[in-house]
Amino acid sequence: MIEYIKGELTELTPALATIEAAGVGYGLNISLNTFSAIQGKKEVKLYVYEAIREDAHLLYGFVNKKEREMFLLLITVSGVGANTARMMLSGMSVAELCNAISTGNAKMIQNIKGIGKMTAQRIIVDLRDKIVTLGISDEIPAGGQITAPVNSQVKDEAIAALTMLGFSPAPTQKVVLQILQEQPDAPVEQVVKLALKQIK
């Protein structure tokens, strides 16, 4: 079993990172959260999950152990495969996902592409206790809420607008979420204007 791969980051796209270690280039499927965390770095260390199937041998890379633990929990849920789990970790941070699961916020989970009502409810039922047992939810304060829920329509429209302007989706998402948490009632135009000043 491969625990992690540490080496030179030779290629990076929002979905795939290629790390060269000891002369071998490893292609790792990654989430947008990992993408934004390693963007611009030359040397990286990614924790690994190996998916060995009859038709393929796939590697998934994670910026930290918490993200990998969350991924492993998600793929235990019936109807959630590795690609769906990666999509979920691209749409939300581990802390946001834990928050949605622990507070039973199925709607927040359904905002992720490919997740229907039944799957969202199954994720909550199956994982609510497990995230506490494994300590993945440590980041959540005792009150349950980490951040104020944001207006997903404004968030999506702002990210789409900024992506069309040529900004990368991962850092854009981070900045937009931050703005909406500070100013939950801000309209799309204001969010975009504020984001333009903050995105590196």
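Predicted model: local features only at pLDDT ≥ 70, side-chain atom pairs only at ≥ 80, totals over all residues.

Q: Ok, rings next. How many aromatic pairs turn up in the whole structure?

A: The search finds 5. One of them joins tyrosine 4 and tyrosine 47, and that pair is edge-to-face, with 6.0 Å from centre to centre and 70° between the planes.

Q: Where are tyrosine 4 and tyrosine 47 in the chain?

A: Tyrosine 4 is in strand β1 (residues 4-12) and tyrosine 47 is in strand β4 (residues 43-52). They're 43 residues apart, so this pair links distant parts of the chain.

Q: Is tyrosine 47 buried or exposed?

A: Tyrosine 47 counts as buried because its relative accessibility is 14%, and the cut-off is under 20%. Tyrosine 4, at 41%, is partly exposed.

Q: What lies over the face of tyrosine 4?

A: Lysine 45 does, at 4.2 Å from the ring centre.

Q: Which residues do ring pairs link into a cluster?

A: Tyr49, Tyr60, Phe62 and Phe71.

Q: Let's stay with α2. Which of its residues are buried?

A: Glu67, Arg68, Met70, Phe71, Leu73 and Leu74.

Q: Why would buried residues in a helix come in spaced-out groups like that?

A: An α-helix has 3.6 residues a turn, so residues three or four places apart point the same way.

Q: What caps the N-terminal end of α2?

A: Asparagine 64 does that. A side-chain oxygen of asparagine 64 lies 3.3 Å from the backbone nitrogen of lysine 66.

Q: Switching to charges: how many salt bridges are there?

A: The count comes to 2. In one, glutamate 3 pairs with arginine 68, and the closest N and O atoms are 2.8 Å apart.

Q: Which parts does the pair of glutamate 3 and arginine 68 tie together?

A: Glutamate 3 lies in the segment before β1 and arginine 68 in helix α2, so the bridge ties together parts that are 65 residues apart in sequence. Arginine 68 is buried at 10% relative accessibility, while glutamate 3 is partly exposed at 30%.

Q: And the other bridge?

A: That's arginine 53 with aspartate 55, where the closest N and O atoms are 3.2 Å apart. Arginine 53 is partly exposed, with a relative accessible area of 46%, and aspartate 55 counts as exposed at 64%.

Q: New topic. What does threonine 34 touch, leaving aside its neighbours within four places in sequence?

A: Threonine 34 is in contact with Leu46, Gly61, Phe62, Val63 and Glu67. The side chain of threonine 34 reaches the backbone nitrogen of valine 63 at 3.2 Å.

Q: Where does threonine 34 lie, and is it buried or exposed?

A: Threonine 34 lies in helix α1 (residues 32-38). With 0% relative accessibility, threonine 34 counts as buried.

Q: Last one: what's the phi of alanine 22?

A: Near 55°, which is a positive value in a residue other than glycine. Alanine 22 sits in the loop between β2 (16-21) and β3 (24-29), and at 85% relative accessibility it counts as exposed.

Conventions. Residues numbered from 1 in each chain as written. Heavy atoms only, no water. Phe/Tyr/Trp six-rings, centres within 6.5 Å; stacked < 30°, edge-to-face > 60°. Helix = DSSP H or I, 4+ residues; strand = E, 2+ residues; numbered from the N terminus. Buried < 20%, exposed > 50% of the residue type's maximum accessible area, 1.4 Å probe, protein only. Lys NZ or Arg CZ within 6 Å of the ring centre and 35° of its normal. Salt bridge = Lys/Arg side-chain N within 4 Å of Asp/Glu carboxyl O. Polar contact = N/O pair within 3.5 Å; in protein donor to acceptor, adjacent residues only side chain to side chain. Contact = heavy atoms within 4.5 Å.
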